[in-house]
Amino acid sequence: MQYDENLIRSVVSQVLAEVGSPPPIHNGSGGYSGRHGVFHDANEAVAAAQEAFLQLTERTIEERGRIIDHIRRISIDQSEELGTMEMNETKIGRLEHKIAKLLTLGQRAPGIEMIKTEAFSGDKGLAIIERAPFGVIGAITPVTHSLPTITGNAVSMIAGGNTVVVNPHPSGKRVAAEGVRRFNEAIYNDLGIDNLICVIAEPTLETADAIFSHRDVRLICVTGGPAVARAALKSGKRAVVAGPGNPPVVVDETADLDRAARCIIEGGAFDNNLLCIAEKQVFVVEQVFDAMMSAMERAGAARLNSAEIDRLTSQAIAVVGEGEHRHQVAAKDFIGKDAAVLCAAAGKNVAADVELAFGETDYSHPFVGVEQMMPFIPFVRARDVDHAIAMAKESEHGFRHTSMIHSRDVRNMTKMGRAMDTTLYVKNGASMAGLGLGGEGYLSFSIAGPTGEGVTTPQTFTRERRCSIIENLYVVGSPKNV
């Protein structure tokens, strides 16, 4: 999601009127121990993270593993409490999925095992390629997954030997600060290092800019909408950017329709469609379109008719900007709300446990082109699979983020994969399978499409260092050079 500047300024003004910034807690060496990562001043946060980084460089890889174990343990053991806290603060998504995100990140986020050393040996000696840290990383996290994004990034970044300063979305700042405080406190009590993860307690556009421009911030990692992604890319520093997505689904005439329906509901309804990888619009070949709609109803989704879709659209899609910048966006009051809330706005009463609403639209409908982040999915008729793939490609806007197909035809799978060229491409599964949830692979909530790193890992946050020794330590070859 994009930062709303007016909202940020009003929140900050209110907070500053009520409380001031607490003074830094200095230890005997002039450091920031005791703050447990929570700061009001961006410069102090970076200074504390730099101090922590210098301490971390003196520790072993095994100790990095212990640090990560504390983050994992808290994420798992306290997932219900922290997930509830995030739900109460952000008021978007589904509670059970807030909990599940923290739980699965604790279980599946990759750690020090991903840091690999390469070696090359030959007649001229030995060269090894090691992965070194950048130092302090500046990060922006979204309201859609405030603490989960921090958790996954912290595991990866610390595994790579870095520390991090986070500017969270203002609407998720409290759970971000509390989670970071708990992580740091546990790490400090065990290993004596504080502030490995720092968070700005009252984030603003100004604190984000201060982090981006600080000379001690060596790398920027952004997870969010187009505006914040552009800001990171203009910072003049190396950036890992997880940008927006509008993932399409294609269903061809060979698909297992009941399986496709279950997968679309599983992915599109997860956390009320807040995931950037989630199914947003579906293109079905004409031959099986009506059968697919029936399969969705059998799987438990609520079907809206054209009049109901029109009523929902009038409330759930807003227009912002002026002149050439005027465009449609998801209305904030409907982002991440339950399907029952959307159906009520459409004039249809459904059970509270209905996870997803859907209905037929044409290609030009706003719900097709807008990354809506709400559990209503438009279904569009296609003449054939080629037409479906063409519409899917156009609707994805060239983000090259995520796409899905349901098909038994390998040629169609291959054709779509080549056409879409997305970072994640899932065949015959729910979108989350592309992150290892129901499929193979590892889990991260930062998917760097614009800058090309893909699903981020600890190795993403390292730089390559090569060490060479000449004409020695190659012990299996000819002794001529010894």
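**F367 and F376 are both buried.** Buried means under 20% relative accessible area, exposed means over 50%, and partly exposed lies in between (1.4 Å probe, protein chains only). This is a predicted model, in which local features need pLDDT of at least 70, side-chain atom pairs count only at pLDDT 80 or more, and totals for chains, interfaces and linings use all residues. Residues are numbered from 1 along each chain as its sequence is written, and side-chain values use heavy atoms, with hydrogens and water left out. A search of the whole structure finds four aromatic pairs. In one of them, the rings of F367 and F376 have centres 4.8 Å apart and planes at 65°, so this pair is edge-to-face. Rings of Phe, Tyr and Trp (its six-membered ring) pair if their centres lie within 6.5 Å; planes under 30 degrees apart count as stacked, over 60 as edge-to-face and the rest as tilted.

**F367 sits in helix α14, residues 366–369.** Helices (H or I, at least four residues) and strands (E, at least two) are DSSP runs, numbered from the N terminus. How accessible is F367? Its relative accessible area is 0%, so F367 is buried. F367 touches K280, L312, T313, A316, I317, Q372, M374, F376 and P378, leaving aside residues up to four places away in sequence. Here, contact means heavy atoms within 4.5 Å. Follow the chain to F379: this residue is 12 residues from F367 in sequence and 9.7 Å from it in space, C-alpha to C-alpha.

**Y32 and F39 form an edge-to-face aromatic pair, one of the four that a search of the whole structure finds.** The ring centres of Y32 and F39 are 6.0 Å apart, with 70° between the planes. Both Y32 and F39 are buried.

**Strand β6 (residues 197–200) pairs with both β1 and β5.** Two strands pair if DSSP finds at least two bridges between them. Strand β1 (residues 38–39) and β6 are parallel, with two bridges. F39 has I200 as its bridge partner in β6. Strand β5 (residues 163–167) is also parallel to β6, over three bridges. There, V165 is bridged to C198. Which residues of β6 point which way? I197 and V199 point one way, while C198 and I200 point the other. All are buried. In a regular strand, side chains alternate between the two faces of the sheet.

**N184 lies in helix α7, residues 173–191.** N184 counts as buried because its relative accessibility is 0%. N184 touches H36, G37, I193, D194, N195, L196 and I197, again leaving aside residues up to four places away in sequence.

**Strands β2 and β3 form a hairpin with two residues between them.** Strand β2 covers residues 118–122 and strand β3 covers residues 125–133. They are antiparallel, with five bridges. The bridge partner of G122 in β3 is G125. Strand β3 also runs antiparallel to strand β20 (residues 462–470), joined by nine bridges. P133 stands opposite T462 in β20.

**Seven strands form an open sheet.** Read across in this order: β11-β14-β15-β10-β9-β16-β17. The pairing is parallel. Which strands form the edges? They are β11 (302–303) and β17 (424–427), each of which pairs on one side only. Further in, strand β9 (residues 248–251) and strand β10 (residues 281–285) are parallel, with four bridges. V250 stands opposite F283 in β10.

**Domain 1 (38–243 + 456–466) and domain 2 (248–440) divide the chain.** Domain bounds come from an automatic or database domain assignment. The C-alpha centres of the two domains lie 31 Å apart. Their contact takes 13 residues from domain 1 and 18 residues from domain 2. The area buried between domain 1 and domain 2 is about 1,200 Å², and carbon and sulfur atoms give 53% of that. Which residues of domain 1 lose the most area to domain 2? They are R94, H97 and R108, together 41% of what that side buries. Buried area is the accessible area (1.4 Å probe) that two parts lose on being put together, summed over both.

**UniProt lists residues 40–428 as "domain: Aldehyde dehydrogenase" in an unreviewed entry.** UniProt positions are given in the numbering used here, feature names are shortened, and annotations may be inferred rather than shown by experiment. The span is 45% helix and 20% strand. Its end C-alpha atoms lie 47 Å apart.
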